[in-house]
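Here is a quick walk through the fold, the packing and a handful of residues. Have the sequence and the model open as you read.

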Amino acid sequence: MGLISLIWGIIALLWMVLAFIPLLGWGNWFLIPFAAVGAVIAAIGLLFTHASKRGRAKTGLLLNAIVIVVGVIRLSIGGGVI
C-alpha cells in the first residue's frame, strides 16, 4: 500500500505542475479528488503496515496532502473556490 500511495502522490504532483500552466487550472478540479484517494490509500497503508516499514506510506500521505493544499489554494486564487 505504501508503494501505491507513493506512486499515486508522484503522479498527483506531476499533474499539479501541469495544472500551473495558464488555462489548465481546471485540472485542479480533478486533481484534488485524485489526491484525496491517494491520501486514503496512504492512510490505509499506515494502518496495516508494520511501524518499521511505514516510510513509503508516510511519504505518499505527505505528497498527496501537499497536492491537495496547493490545489485548493490555486483554485481559491483563481476564483474557482469561493
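## Overall layout

Reading from the N terminus, the elements of the protein go α-α-α. That comes to 3 helices and 0 strands, where helices (H or I, at least four residues) and strands (E, at least two) are DSSP runs numbered from the N terminus. Taken along the principal axes, the box filled by the C-alpha atoms is roughly 45 × 20 × 15 Å. Of the 82 residues in the protein, 30% are buried. Buried here means under 20% relative accessible area, exposed means over 50%, and partly exposed is what falls in between, with a 1.4 Å probe and protein chains only.

A word on the model: it is predicted, local features need pLDDT of at least 70, side-chain atom pairs count only at pLDDT 80 or more, and totals for chains, interfaces and linings use all residues. Residues are numbered from 1 along each chain as its sequence is written, and side-chain values use heavy atoms, with hydrogens and water left out.

## How the helices pack

Two packed helices are described by the angle between their axes and the distance between the axes. The axes are lines fitted to C-alpha atoms, for helices over the stretch in contact, and the angles run from 0 to 180 degrees between N-to-C directions. Under 35 degrees counts as roughly parallel, over 145 as roughly antiparallel, 65 to 115 as roughly perpendicular, and the rest as oblique.

Start with helix 1 and helix 2, which pack at about 165° with their axes 9 Å apart. That makes helix 1 roughly antiparallel to helix 2. Next, helix 2 and helix 3 have axes 8 Å apart and an angle of about 155°, so they are roughly antiparallel to each other too. What about helix 1 and helix 3: how do they run relative to each other? Their axes come within 7 Å and cross at roughly 25°, so helix 1 and helix 3 are roughly parallel.

As for handedness, a crossing is left-handed if the near helix is turned anticlockwise from the far one by less than a right angle, and right-handed if clockwise. The crossing of helix 1 and helix 2 is left-handed. Helix 2 and helix 3 also cross in a left-handed way, and helix 1 passes helix 3 in a left-handed crossing.

## The nonpolar patch

Which residues form a nonpolar patch on the surface? They are Met1, Ile4, Val40, Ile44, Leu47 and Phe48, and together they have about 640 Å² of accessible area. Areas come from the Shrake-Rupley method with a 1.4 Å probe, and for residues only the protein chains shown count as cover. Patches are made of residues with over 30% relative accessible area and no salt bridge; like charges are joined within 9 Å, and nonpolar side chains (Val, Leu, Ile, Met, Phe, Trp, Tyr) within 5 Å. A salt bridge, in turn, is a side-chain nitrogen of Lys or Arg within 4 Å of a carboxyl oxygen of Asp or Glu.

Helix 2 (residues 27-48) gives the most to the patch, with 4 residues. Ile4 sits in helix 1 (residues 2-19), and Ile4 counts as partly exposed because its relative accessibility is 44%.

## Residues worth a click

Ser5 is in helix 1. Is Ser5 buried or exposed? Its relative accessibility is 0%, so Ser5 counts as buried. Ser5 and Gly60 are 55 residues apart in sequence, yet 4.8 Å apart in space, C-alpha to C-alpha. Trp15 is also in helix 1 and is partly exposed, with a relative accessible area of 27%. From Trp15 to Leu31 is 16 residues in sequence and 7.1 Å in space, C-alpha to C-alpha.

In the loop between helix 1 and helix 2 you'll find Leu23. Leu23 is not a glycine, but its phi is positive, at about 75°. With 81% relative accessibility, Leu23 counts as exposed. Trp29 belongs to helix 2 and counts as partly exposed at 48% relative accessibility. Trp29 and Met16 are 13 residues apart in sequence and 11 Å apart in space, C-alpha to C-alpha.

Last stop: Arg74 in helix 3. Arg74 is partly exposed, with a relative accessible area of 26%. Its C-alpha atom is separated by 24 Å from that of Ala42, 32 residues apart along the chain.
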